[in-house]
Amino acid sequence: MALTAIEIYKLLPKTNCGKCGVPTCLAFAMKLANKQAELSACPDVSEDAKTTLEESAQPPIRLVKVGTGDNVVEMGNETELFRHEKTFYHPTAYSLIIEDTLSQEELDAKVKEANELQYERVGQIVKLNMIAVKSSSGDSVKFAEAVKAVMSKTSLPLILISDKPDFIEEALKVSSSNRPLIHAANKDNWQAMANLAKNYNCPLVAFEDRGLDELAELTQSIKKAGVEDIMLDFGKKPLGETMRLLTIIRRLSAKKNFRPLGYPVIVRLESDPEKEALHSAIFTMKYAAALMFNDVSRWKMFPLFTLRQNIYTDPQVPIQVKPELYEINSPDENSPLLFTTNFSLTYFTVAGDIENSKIPSYLQVIDTEGLSVMTAYAAGKLTPEMVVEALEKSGASQKIKHNNIIIPGMLARMTIKLKEKSGREVLVGPRESSGLPKYLKGLADGK
Amino acid sequence: MGVQIPKEKWTGKIREFRFGATREEGGTRSKQIILGGVSTMPFLYFEGEMPHEPVIAMEVIDVVRKDYPQIAREPFEGVIESPTEWAKACVEQHGADAICLKLHSTNPEEENKSPEEAGALVKEMLKAVSVPLMIYGCGNVEKDAKVMQVCSDVAKGERCLLGTADEDSYKSISVASMANDHGLVGFSNLDINLAKQLNILLTDFGFKPENIVMDPLQAGLGYGLEYTHSVIERIRLAALMGDQMLQMPIVCDTTVAWNSREAKIENPEWGDEKLRGPFWEATTALSAITAGADMLIMRHPKAIKMVRDTAKELASNGGEK
C-alpha cells in the first residue's frame, strides 16, 4: 500500500539541502507520493528508508507466477475483500494432484484428463491450470521420474509436493526450466527449501498449520533467505475455519498491509468428491488463490469453472457475446427476426425466453459495447443505422425471406426511423423479455 | 510475531422476521423459524452473530408443467401431481424448514384457477404440513391481488410469507398481508437502490419493517450470478453499517438455476447431469448464502442436502453458536 507524503517525509533526512532538485524534503516527499520523482535523486537517504519505501511500492499481496510461456499461472495481487469494490484480478487456479505411485498407464490417463479439461464459455477459454505431482512412494527417483513423465505429456505448469528437500531437488533437476511451484517449506526444512527455491529460481509454498503467528514467522525467515515468490498453506482445517482464515489473511494483507502474510494462499481439498466440489465453490468465492483437487470429474469442474468465471468477471467491464445472427430452435426462412444487445445478461435472458417459447427464431445481436437495451439507446450506442449494419454484416437478408423485424418494446420510439433505414416492417415486441414466449406464440398463431 | 486479527465493528443488525405461528401465537405451525438477527457478514463468527443457519424452503408448485426438468421431477415421482403429497415428502423425507407454495395455476393465461380454489389449496396445505408456509402468486398483478386476499384470510394467524410485492404492485399485496399479520417478500431487480426504495414505499404505506423479507432477484449460475452475489453483499454491508431501510432478511429463489441448459441436459462433456444438475443449483445457493442470504427457496433434494451440509460445516468451529 502506498505511503502518504507525510509518512515518506518522516523517512527522509529532513535537511532541505535541495540536492534532489526540489527546495525542501517535504516537497520532495510529495513528489515521491505522486510518483513524480525517484528516491535515488536524494543522495543522503538511509538504507532503512530505502527498504521501507521500496516495500511500500509493492502490491499488498505478492503476485506469484508459476510456469513459463503461454500457460503461466498468475496468483495474488488482489486488493479487495468484495468484488464490487473494484474487481478480483486473478481467478483461483485449479490444479489436479497426481501421485507418483501410479502406474505409467494410470498416470498417462490422469494427465490426459487434466489436459483435456477445458471449455469455451462466453468467448473465454476456461481450463485446469496446473498439475501437482505428489511424492507418496517415499522414493526420490520415482518422484523425479513421475515429474518427468507428467512434464513430457503436458504444457500445464507443475506443483512439486514433498517435504523432503532432496526429493524436491531431484525433481527440480528435471523440471526447473518450467518454473514449478515447490510445495512446501515448513518449520524444519525451510532453510534447505529456500536455498532450492533461490538456486532454481522457483516459487515456494510456506506450510504451517499451527497458526498465523507461526506462518508469518516462517515467511519472514524464507524472505530473509532471499526468496520473494512465496505462497501460503495453513494446512487442512474444517471448512468454516478455512474460510475464516482465508478472510482474515485477505484482510490483513489487502487492507492492513501486513507484509508477512501478503502472499496468495493455496488450499488442499477434501478427498470426498462431493465435499471437494462444495468446498471449492466456497473457496473460489472467498479468497483462495489456488486449489489442489484430488478428483476433477466434469460434473463438478464445469459448474466450478462457470462460478469462477462469474465471480472473477470485472464488474466495471460487462461480459459481451459476439454480435452475430443467432439461430434459436432451428429457424427457417420464414421464422421471426428479433434483435437485442451484446450485453451477456441481456442476450442470455432474451435467448432463454425465445428458447422457452419453442418458436424457431433468429436473434440479431448488436454490438453495444456490452450495454443493456435502454442504456445503449440512451448513450447512442444502439441506433437504427447500427441495426441495419449488423443485419448486413450477418447476412440476415439472405437467410430470411420475410421483411419483418421485431424491436424490443422499450425501443418503440425507434420504430419509424428503423423502418426508414432498414426498409423492413417493424413490429413492436414486449417491453420485458419475459413477455416473449406469449408474444411469439401469438405471432405464430396469427394474432 | 503477534498477528492481530482484524475485526469489523458493525453497528447495524438484521431485523428478525418471525416466520410461522405456533399455537401460543394463534397459529397451527409446529415451530416458528426466525429469519435474520445477523450482525456479521456470513459465517464470520469471530466478529458478530449469525444465530441461525440459512433456512431452506422447498418449492411446491400447484401445477407442474412439461418444462419442469426431469432430473428435479424424479425424486418426487408419484407425489408431484398432488401439491400436498409433494409438500409432505419435502418435509418428511427431505427436512424442508418451510414450504414455498407457488400458485402458478391461477394464471389467467393458463388454467386460470379462481382465488377460492387457491385458498382451498392453501387451507389443505396448512393441514398437510406443519412447517411455515410461503405463498407465491402467478405474477399477474391483478389476479395476484385477488388471490392473495383470499389466501391471507384462509391462513389467518399462521404468519405466512406472501409474495411477491414489487414497486408497481406492492399496495394490494401489502393490504392482503397486513390484514392478517403475515409477512411479505419484496422483490427488486438486482439493484440495491431499488431494494431500498421498495422498503421505503412499503413502510411509508404502513407495512411493519420487521415483516418484510427482501428478494433481490437470484440469477442462476452462469447467467448473471455475479450480479446477485454482489448486490446481496452490498445490501448486507450497507445494513451492517447501519442503513435501517436495508436491515431486512434476504431470501433467494435458487430454483432459477434449473432454467439453464447446463443444469439439466445430457452432455458427456459437462459430466453426469444427475450430479451436475444438483451441484448447479447448490452452487447458486452457496453463492447466495456466502453473500448474505438468510433463506433459500430450493428445488432438488440432493442440492438441498449439499447446501445444508456445507452450511453446517461453515458454521462449525465458530465459537459461540
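**Reading the terms of a predicted model**

Visitor: Why is A:Lys255 called partly exposed?

Guide: A:Lys255 has a relative accessible area of 38%, and buried means under 20%, exposed over 50% and partly exposed in between, with a 1.4 Å probe and protein chains only, so A:Lys255 counts as partly exposed. This is a predicted model, in which local features need pLDDT of at least 70, side-chain atom pairs count only at pLDDT 80 or more, and totals for chains, interfaces and linings use all residues. Residues are numbered from 1 along each chain as its sequence is written, chains are lettered from A and ligands numbered from 1 in the order in which they are written, and side-chain values use heavy atoms, with hydrogens and water left out.

Visitor: What makes strands S8 and S9 of chain B edge strands?

Guide: The open sheet of 8 strands in chain B has the order S8-S7-S6-S5-S4-S3-S10-S9, with parallel pairing. Strands S8 (212-215) and S9 (251-253) of chain B each have a single partner strand, so one side of each is left without a neighbour in the sheet. Strands here are DSSP runs of E with at least two residues, while helices are runs of H or I with at least four, numbered from the N terminus.

Visitor: How do you know that strands S5 and S6 of chain B pair?

Guide: Pairing requires that DSSP finds at least two bridges between two strands, and S5 (residues 133-136) and S6 (residues 161-165) of chain B are joined in the parallel sense over 3 bridges, so they count as a pair.
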